[in-house]
Amino acid sequence: MQLVDAPTGRAVVIGRRSGGVVRVRAVVSGRPDSLDTARVLLTGDLLRRVLEELHGMQVFVTLAGLDRADPDMSAALARQLGRFWIAAPTPDDAAPARALEICVTGADAAAVTQHQAAAVRLSIGPVRTPHHDTPDAGEDLAVRFALIGVRYDRPVSLTAATLEHAQATIRRWRRRIAQWGDQPSAPMPRDVVADCTAAFDANLDIAGVITRLVELEDDDVVPPGAKFETFLHVDRVLALDLASGLGAAG
């Protein structure tokens, strides 16, 4: 996997040759229930999923900048993690000293540069909600989809149209996966899997992965069973609960 260090623009390769053990330090500065905090945590979670699921590495995600001893802060964080399907961070001392560190912070320049010991420092773009609207609770996975679908260092605008598109895509994919699941299983197309893995590894290009899935969805050459296996394989990283429609086709 290749990531770009925000302060220097230097590309850094993260892989088993670098030790196979990674610590992702998520640094938050706002409220635990804010969407900016959610995006920092989501990026850390995506890194963990890519490195563990696709590369077999050991990843520890830790949290800095939030007083978890405060019951209100801790409860708000727990709700945020549950909303967006983010695994709970591990204790700060859980990662071994030899772990390679990736620091994920908000867009504040000082916060990005102060973690000099990190091999890579990622700056996460802000989340904008027009008219200061907060997405409804029923839109949590649509919000996750919208947040991860834009490159992590760019701003995201969660408009009503953006969320409607994300929600519609998730529902359509769930419905089609349920339909494909009724067909004989088939091996995943190697080119599609390779393209998705390459996109995940190219500075976490989730938009490239989504584009490839849209292309696969309407590919008449690939058997339905192969599409089924591929979508569920990729969802191990995307975490959109695409399998929830199984048994509901028709």
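User: Is Asp92 buried, partly exposed or exposed?
Analyst: This is a predicted model. In it, Asp92 has a relative accessibility of 44%, so Asp92 counts as partly exposed.

User: Which side chain does Asp92 meet in a salt bridge?
Analyst: Asp92 meets Arg23, at 2.6 Å from N to O. The pair links distant parts of the chain, 69 residues apart: Arg23 lies in strand β3, and Asp92 in the loop between α2 (71-83) and β5 (100-105).

User: And Arg23, buried or exposed?
Analyst: Arg23 counts as buried, because its relative accessibility is 11% and the cut-off for buried is under 20%.

User: OK, β3. What sheet is that strand in?
Analyst: An open sheet of four strands, in the order β4-β3-β5-β6, with parallel pairing. The strands at the edges are β4 (58-64) and β6 (120-123); each has a single partner strand, so one side of each lacks a neighbour in the sheet. On average, neighbouring strands of this sheet are turned by 20° against each other, direction ignored.

User: What holds strands of a sheet together in general?
Analyst: Strands pair through backbone hydrogen bonds, either parallel or antiparallel.

User: How many bridges are there between β3 and β4?
Analyst: Seven, with β3 (residues 21-27) and β4 paired in the parallel sense. Arg25 stands opposite Thr62 in β4.

User: And between β3 and β5?
Analyst: Six bridges, and those strands also run parallel. Ala26 stands opposite Val104 in β5.

User: That leaves β5 and β6. How many bridges there?
Analyst: Four, again in the parallel sense. Here Cys103 stands opposite Arg121 in β6.

User: Is β5 enclosed or left open by the rest of the structure?
Analyst: Largely enclosed, because six of the six residues of β5 are buried.

User: Which residues of β5 point which way?
Analyst: Leu100, Ile102 and Val104 point one way, while Glu101, Cys103 and Thr105 point the other way. All of these are buried. In general, side chains in a regular strand alternate between the two faces of the sheet.

User: How many salt bridges does the structure hold?
Analyst: It holds 20. As a general point, side chains of opposite charge can pair when their charged atoms come close.

User: Which residues form a network of salt bridges?
Analyst: Asp45, Arg48, Arg49, Glu52 and Arg144 are linked in one.

User: New topic, helix α1. How many residues does α1 have, and how far does it reach?
Analyst: Helix α1 (residues 35-54) has 20 residues and reaches 27 Å from its first C-alpha to its last. That is close to the 28 Å expected at 1.5 Å a residue.

User: How many residues of α1 are buried?
Analyst: 16 of its 20, and the helix is mostly covered.

User: What comes just after α1?
Analyst: Gly56, which takes a positive phi of about 65°.

User: Which side chain does Glu53 meet in a salt bridge?
Analyst: That of Arg236, at 2.6 Å from N to O. Glu53 is in helix α1 and Arg236 in helix α8 (residues 224-238), 183 residues apart, and the pair links distant parts of the chain.

User: How exposed are they?
Analyst: Arg236 has a relative accessible area of 40%, so it is partly exposed. Glu53 is partly exposed too, with a value of 35%.

User: Where is Ala239, and what is its phi?
Analyst: Ala239 is in the segment after α8. Its phi is near 55°, a positive value in a residue other than glycine. Ala239 is buried, with a relative accessible area of 4%.

User: What about Asp241?
Analyst: Asp241 has a positive phi of about 55°, although it is not a glycine. Asp241 is also found in the segment after α8. With a relative accessible area of 24%, Asp241 is partly exposed.

Note on methods: Residues numbered from 1 in each chain as written. Predicted model: local features only at pLDDT ≥ 70, side-chain atom pairs only at ≥ 80, totals over all residues. Heavy atoms only, no water. Pairing = 2+ DSSP bridges. Helix = DSSP H or I, 4+ residues; strand = E, 2+ residues; numbered from the N terminus. Axes fitted to C-alpha atoms, helices over the stretch in contact; angles between N-to-C directions. Expected span 1.5 Å × (residues − 1). Buried < 20%, exposed > 50% of the residue type's maximum accessible area, 1.4 Å probe, protein only. Salt bridge = Lys/Arg side-chain N within 4 Å of Asp/Glu carboxyl O.
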